[in-house]
Amino acid sequence: MRLLIVEDEPRMAALLQRGFRDEGYAVDVASDGTDGLWMGTENDYDAVILDVMLPGLDGFEVCRQLRERDRWAPVLMLTARDAVDDRVHGLDVGADDYAAKPFSFAELAARVRALVRRNSRDRPTILEVGDLRLDPATHHAWRGATALELSPKEMALLELLMRHPDEVITRTHILEHVWDFAYDGLSNVVDQYVSYLRKKVDKPFDRDDIETVRGVGYRLRLPVT
Ligand code: CA
């Protein structure tokens, strides 16, 4: 899952970026409204956290223009405490939720999970594909009764595959949703992580569910019933 955070206060932006990265998200940060609008238009985010008070365009304007440009990633606005007008205005310009500053990170993370869930085609709290199960809230995954020991990136990759079972997911799509803007490393990183994931999710169980679609990407096979 890839997030965009638009926040001009460096300390707050760094805190959110670190927090969400620890939760396994790919996180991009924009420090003003103009950059935020550009990044939100150019990239396909799973959710956007948008501060209201920003230099350049304010958060309302960024949200309004994103919607105008047909970008429908769920938006959570960060408002001033008790600013009821902000909340109303935010919802009017197309925001999906808000959190009033100061907020607890745990609460914000839970709200973002709810937004991402609401946005996906099917909305279970715990994802299930065959005998694979994954709980995005607690970062636990299982094959049958066996708990899987996955790194945050492996977990994010498995979550993406499980949200689109039986669909071919291109390398570019995986790169865009699991790695963030700052990533400029090896182009075969996706293949590398798929191979790590297979070693933990498929091989020990004598399975071959993560399928390579040659020249395109990967597909998590649905169990044959
Ligand atoms: Ca601000």
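Two strands are taken as paired if DSSP finds at least two bridges between them. On that basis, this predicted model contains an open sheet of five strands in the order β2-β1-β3-β4-β5, with parallel pairing. An open sheet of three strands is also present, in the order β10-β12-β11 and with antiparallel pairing. The domain assignment of the protein chain gives domain 1, residues 2-118, and domain 2, residues 127-220.

**Domain arrangement**

- The C-alpha centres of domain 1 and domain 2 are 26 Å apart, and the contact draws on 15 residues from domain 1 and 14 residues from domain 2.
- Between them, domain 1 and domain 2 bury about 1200 Å², with 48% of this area on carbon and sulfur atoms.

- Strand β3 (residues 47-51) pairs with strand β4 (residues 75-79) in the parallel sense over four bridges; Val48 stands opposite Val75 in β4.
- Helix α1 (residues 10-22) lies across β1, β2, β3 and β4, and runs at about 170° to β2.
- Helix α3 (residues 59-68) also packs on the sheet, where it touches β3 and β4; the direction of α3 makes about 170° with that of β4.

- Four bridges connect β11 with strand β12 (residues 217-220) in the antiparallel sense, and the bridge partner of Ile210 in β12 is Leu220.
- Helix α6 (residues 152-163) lies across β10, β11 and β12 and runs at about 70° to β12.
- Helix α7 (residues 171-178) packs on the sheet as well, touching β10 and β12, and its direction makes about 70° with that of β10.

**Helix α7 and His177**

- Ile174, His177 and Val178 are buried in α7. They span an arc of only 85° around the axis, which puts them on the same side of α7.
- The spacing follows a general rule: an α-helix has 3.6 residues a turn, so residues three or four places apart point the same way.
- The buried residues of α7 pack against β1 (2-6), β2 (26-30), α6, β10, α8 (189-201) and β12.
- His177, placed in helix α7, has a relative accessibility of 3%, and therefore counts as buried, the cut-off being under 20% relative accessible area.
- Leaving aside residues up to four places away in sequence, His177 touches Met1, Arg2, Ala26, Asp44, Asp46 and Leu160.

- Strand β7 (residues 132-135) and strand β8 (residues 140-143) pair in the antiparallel sense over four bridges, with Trp142 in β8 as the bridge partner of Arg133.
- β7 and β8 form a hairpin with four residues between them, and His139 in the turn has a positive phi of about 60°.
- Strand β9 (residues 146-148) runs antiparallel to β8 and is joined to it by three bridges; Thr146 in β9 is the bridge partner of Arg143.
- The hairpin of β8 and β9 has two residues between the strands, and Gly144 there takes a positive phi near 60°.

**Backbone exceptions**

- Most residues other than glycine have a negative phi, and most peptide bonds are trans.
- His139, in the loop between β7 and β8, has a positive phi near 60° although this residue is other than glycine; His139 is partly exposed, with a relative accessible area of 29%.
- Asp206 is not a glycine either, yet has a positive phi of about 55°. Asp206 lies in the loop between α8 and β11 and is exposed, with a relative accessible area of 73%.
- Lys101 and Pro102 are joined by a cis peptide bond with omega of about -5°; Pro102 is found in the loop between β5 and α5 (105-119).

How values were computed: Residues are numbered from 1 along each chain as its sequence is written. This is a predicted model: local features need pLDDT of at least 70, side-chain atom pairs count only at pLDDT 80 or more; totals for chains, interfaces and linings use all residues. Side-chain values use heavy atoms; hydrogens and water are left out. Contact means heavy atoms within 4.5 Å. Axes are lines fitted to C-alpha atoms, for helices over the stretch in contact, and angles run from 0 to 180 degrees between N-to-C directions. Buried means under 20% relative accessible area, exposed over 50%, partly exposed in between (1.4 Å probe, protein chains only). The arc is that of the directions from the helix axis to the C-beta atoms. Domain bounds come from an automatic or database domain assignment. Buried area is the accessible area (1.4 Å probe) that two parts lose on being put together, summed over both.
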